Amino acid sequence: MVRANHVPHNQLITSYIIANNRNRLNPPLPVNYFGNCILAIITKLKATELVENSFELTASLLHQSVVSLSDKSVCEFVKEWLESPFCYHHEDVHDYNSIAFEHSPKFNVYGNEFVVIGKLVVVRTGPGNKAVEAVFCYPRI
């Protein structure tokens, strides 16, 4: 995406990974908790770091960001948000200098079977989820 958009080498690229916080909280949220408990994990790299380094290095940095999300960091975010609430808007997180990884590998999208149409073959998102740099991850089980 960085190469395709001809992003300048010194440009900062922001990666957003949408993470489920249910099991990160202590105690974890109950299974029947209704609602979302997610947080955007943000990792920033220069375009040159993405283009010139190995995929493994980039994946390692993203992994470190995910591992660092804990009960303490989620609670700190919620406390700050309560003091100054805000809502994310698509234009705030989706631009040519950001990459968003969304959806969970733990949710078996293709495992759903609908009475009328049967098993899913493909998953499509609506117009609200269209962005050049959005990566939607669904495992094919």
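A residue is called buried when its relative accessible area is under 20%, exposed when over 50%, and partly exposed in between (1.4 Å probe, protein chains only). The model is predicted: local features need pLDDT of at least 70, side-chain atom pairs count only at pLDDT 80 or more, and totals for chains, interfaces and linings use all residues. Residues are numbered from 1 along each chain as its sequence is written, and side-chain values use heavy atoms, with hydrogens and water left out.

Two residues are set side by side below.

| Residue | Relative accessible area | State |
|---|---|---|
| Thr43 | 9% | buried |
| Leu82 | 59% | exposed |

Thr43 is found in strand S2, strands being DSSP runs of E of at least two residues and helices runs of H or I of at least four, numbered from the N terminus. Beyond neighbours within four places in sequence, Thr43 is in contact with residues including Ile13, Leu61 and Leu62; contact means heavy atoms within 4.5 Å.

Leu82 lies in helix H3 (residues 71-83).

A nonpolar core joins buried Ala, Val, Leu, Ile, Met, Phe, Trp, Tyr and Cys residues through side-chain atoms within 4.5 Å. The largest has nine residues, among them Ile17, Ala19, Leu39 and Leu69. Strand S1 (12-20) and strand S2 (38-46) each give two or more residues to this core. A second, separate core of five residues includes Val2, Val7, Ile13 and Ala47.
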